[in-house]
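Trainee: Before we discuss this model, could you show me the sequence and the structure together?

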Amino acid sequence: MDTAPTLKIAPNNAAFHTLAADIFMGALDRMQDRAAAKNGPIRVVLPTGSTPLGLYRELIAHHAHRRDLWDRFHYVALDDYAGLAPDDRRLFSNWLDRDILKPLSIPSSHRTIFNSAAPSPSAECARMDALLDESGIDIAVLGLGTNGHIGFNEPGSAFDAQTRLIHLSADSLAANAAYWGGIDHVPHTAYTLGLGHIMQARETILLVQGSHKADILHRMLHDPISTALPATALRRMRNVTIIADQAAISAAEPSPQT
Ligand code: PGA
């Protein structure tokens, strides 16, 4: 269970996306037999953010023909803003609809998303947890926040946390401002899956790109495992692959092939 994450380093931007797509498709392939035996779906958590967009373009351009896999693919939301109408373009589910789900013809019956406008947030969280308790996550694709968050599990989040409504930290508000043309457009509350379920994923792929992530990646790999830095939870998980570009590997990284 406690095997160290595998670190894969891409020399440049193009190689980062190709590598991510190859590793992702390999993970889907590995889940296929298990899902087929149960005649069930392959449940995949996907992130938003700028980092995964190249992966999504690569999947659409070069892997869309794998209908055997996409027909079993079932998207599970990692997180999403709370209190928005279903057609709000800022919803992460709508963002992913535009950038990957619709281009790959993933039907709405193969998507488990948050109801952002749910009248009872606690009932909404309980609904998500019940689904995850039953089926679990096959593959979690994750991004790394500059504050070390995973999804919206901000610093201080317990490793056994369940799905919940959170207030975005100042760091996350600032990071999200880049997506929507300013901080005034960023909702202040969001739903996030808890680390409790994320940590049970059968396989996990963490995408880390850019020199602005070098410090947090280094800390994630070397700081004590602690809720103060939620991404250190990945060092307690099975089958974790970290894909980083050269810029994200700090000069201080002594052993890139961990
Ligand atoms: P980014 O976001 O890909 O836009 O850097 C990552 C994250 O906050 O999880």
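**Contacts and criteria**

Mentor: An oxygen atom of the ligand is 2.6 Å from an N or O atom in the side chain of Y179. This is a predicted model, in which local features need pLDDT of at least 70, side-chain atom pairs count only at pLDDT 80 or more, and totals for chains, interfaces and linings use all residues. Residues are numbered from 1 along each chain as its sequence is written, and side-chain values use heavy atoms, with hydrogens and water left out.

Trainee: Which part of S50 lies 2.9 Å from a ligand oxygen?

Mentor: For S50 it is a backbone N or O atom.

Trainee: Why is the link between D29 and R66 called a salt bridge?

Mentor: The term requires a side-chain nitrogen of Lys or Arg within 4 Å of a carboxyl oxygen of Asp or Glu, and the side chains of D29 and R66 meet at 2.9 Å, N to O, so the pair qualifies. D29 lies in helix α1 (residues 13-37) and R66 in the loop between α2 (53-62) and α3 (67-70), so the pair ties together parts 37 residues apart in sequence; helices here are DSSP runs (H or I, at least four residues), numbered from the N terminus.

Trainee: How many salt bridges are there by this rule?

Mentor: The count comes to 10.

Definitions and conventions
A polar contact is a pair of N or O atoms within 3.5 Å; within protein, one must be able to donate a hydrogen and the other to accept it, and residues adjacent in sequence count only if both atoms are side-chain atoms. Helices (H or I, at least four residues) and strands (E, at least two) are DSSP runs, numbered from the N terminus.
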